[in-house]
Amino acid sequence: MTFFYFIVGYCALYLVIWLHEVGHGIVYAKYKCKDNPFKVHVPFYLFFSTPQPIDEEMAQTLNSKQYFNVGMAGIIVNLLIGIPVSFLLLTIEFNNSILFFFFYSFALFHLVEAASYLTISNISLASDMVTVQNYKPKLRIPLFLIGIFLVVLITFMLIKSPDSWKLGYIISIIIMISCMGLGRTIFSRRTRTA
């Protein structure tokens, strides 16, 4: 049964990352840099997920505000889905069904992804947060505060989750944050040298 929960949790995480990249893809499509915003690159191992393919020549014509919009789009998708779904789940009666586990994981992982961008990638400037720095550096402060709010909400969700899920979630979040932080740092360095 633990393996089944692992697979369901992985599917929730994959969907969260895919939706994040689709958020970027939608804005790229708005700027005529992408034909199909739903065609994004999210490998099964999740590292180096991107909104590719995009028209690189068109993307190079974007100004800093447009790059900011592209960069923030993924985080905004995480916030627009994660916050309302988590509040909804926290107001209804818990049941230990696999479907409830999927939606709880889905909401929690959206919050973790957004929080990791708005806090860790904000302090150790990487990935989408670079677009904030390049556009309006002062925006990093309110975004960091939103990230802190998300950390509080994540903590509350962990406390409210069924005891049988807590350890799995804590381990998952530690792995996610470590991998996301490392992956974004490597990705940011690779794109700077490219």
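**Surface patch, helix packing and a salt bridge**

Phe3, Phe6 and Ile7 make a nonpolar surface patch of about 340 Å². The model is predicted. Phe6 has a relative accessible area of 55%. The threshold for an exposed residue is over 50%, so Phe6 counts as exposed.

Helix packing was examined for α3 and α4. Helix α3 covers residues 64-91, and helix α4 covers residues 98-118. The two helices pack with their axes 8 Å apart. The angle between them is about 135°. Angles over 145 degrees count as roughly antiparallel, and those from 65 to 115 as roughly perpendicular. The α3 and α4 pair is therefore oblique. The crossing of these helices is left-handed.

Charge pairing was considered next. Side chains of opposite charge can pair when their charged atoms come close. The structure holds one salt bridge. The partners are Lys166 and Asp163, with the closest N and O atoms 3.1 Å apart. Both residues lie in helix α8, which runs over residues 163-193. Lys166 and Asp163 are three residues apart in this helix, so about one helical turn separates them.

Asp163 is exposed, at 66% relative accessibility. Lys166 is partly exposed, with a relative accessible area of 23%. Buried residues fall under 20%, so Lys166 does not count as buried.

Conventions
Residues numbered from 1 in each chain as written. Predicted model: local features only at pLDDT ≥ 70, side-chain atom pairs only at ≥ 80, totals over all residues. Heavy atoms only, no water. Patch = residues over 30% accessible without salt bridge, like charges linked within 9 Å, V, L, I, M, F, W, Y side chains within 5 Å. Areas by Shrake-Rupley, 256 points an atom, 1.4 Å probe, with all protein chains shown as cover. Salt bridge = Lys/Arg side-chain N within 4 Å of Asp/Glu carboxyl O. Buried < 20%, exposed > 50% of the residue type's maximum accessible area, 1.4 Å probe, protein only. Axes fitted to C-alpha atoms, helices over the stretch in contact; angles between N-to-C directions. Helix = DSSP H or I, 4+ residues; strand = E, 2+ residues; numbered from the N terminus. Parallel < 35°, antiparallel > 145°, perpendicular 65-115°, else oblique. Left-handed = near helix turned anticlockwise from the far one by under 90°.
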